[in-house]
Amino acid sequence: MSLDCLKQLFRRPLEISLPAAILQRITDVPCISFDVFDTLLKRAVPRPHDVFRRVGAEIGDATFAEQRIAAERMARKAAAKNGTEEITFADIYACMPEEKRELAQVEIEMERTLSRPNAWLAPVLRVCETRHARILAVSDMYLPQEFVAELLARADIRVERLFVSSTYGRQKGTGNLFRIVLRETGIVPGDIVHIGDSLRADYFGARRAGLRSILIPRDVPQDALLP
């Protein structure tokens, strides 16, 4: 079965029932783990690479987006050769042309400008908070963990612990970042449900570590993201 078919198979029930179905599946679960980007947070652009295009437009450089995409590809290739699962923001910009490396802060500012809470998921988060479930955030992301924490705080999203792959050098897709979560929190796998939008990282990655998981739609109307 193709990846596209799998995506349709797992997404369709959630798209029909929306957050109400998620709430039914997490009743009485002691701990809920959420993905961050495209789950707790959304960017006000259609796709992640559009962040780079916005940076390029802001600085008047039509080549920036492709150079930034290429730099990340190079950094990931180098990491794979070294047996490392994840890269950092610094790794990416080390692969940029030298004259473009100072634009790292411009990209950070653009991420800050475009980030906002995912209003589609807000009812689920509110219920978790109301019933005092333990709330974790687990993200496969090259951005620094302290910056991801800032974005969550700016969105008024409170979590007990945040785990970002760039800090631990391990990713959700292999199950290894989830294993770190279990080890550091002392929570047993059966007491956590993970919610996220990535079939590989959030759905299958969580299950590789013994967690239950729920796949949610990635695409929600942009007007639903407005305050």
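Strand β1 (residues 31-34) is covered on both of its faces in this predicted model. Cys-31 and Ser-33 sit on one side, Ile-32 and Phe-34 on the other, and all of them are buried.

**The neighbours of β1**
- On one pairing, β1 runs parallel to strand β4 (residues 134-139), joined to it by four bridges.
- Look for Cys-31 here: its bridge partner in β4 is Arg-134.
- Four bridges also link β1 with strand β6 (residues 192-196), again in the parallel sense.
- Within β6, Ser-33 has His-194 as its bridge partner, while Ile-32 stands opposite Val-193.

**The whole sheet**
- Follow the strands across and you will read the order β5-β4-β1-β6-β7, an open sheet of five strands with parallel pairing.
- At the edges are β5 (161-164) and β7 (212-215), each of which pairs on one side only.
- From one strand to the next, the twist averages 20°.

**Helices lying across the strands**
- Helix α7 (residues 122-130) lies across β1, β4 and β6, and runs at about 150° to β1.
- Helix α8 (residues 145-154) lies across β4 and β5, at about 135° to β5.

- Pro-97 belongs to the loop between α5 (89-94) and α6 (104-114).
- Gln-67 is 30 residues from Pro-97 in sequence, and their C-alpha atoms are 8.0 Å apart in space.

How values were computed: Residues numbered from 1 in each chain as written. Predicted model: local features only at pLDDT ≥ 70, side-chain atom pairs only at ≥ 80, totals over all residues. Heavy atoms only, no water. Buried < 20%, exposed > 50% of the residue type's maximum accessible area, 1.4 Å probe, protein only. Helix = DSSP H or I, 4+ residues; strand = E, 2+ residues; numbered from the N terminus. Pairing = 2+ DSSP bridges. Axes fitted to C-alpha atoms, helices over the stretch in contact; angles between N-to-C directions. Contact = heavy atoms within 4.5 Å.
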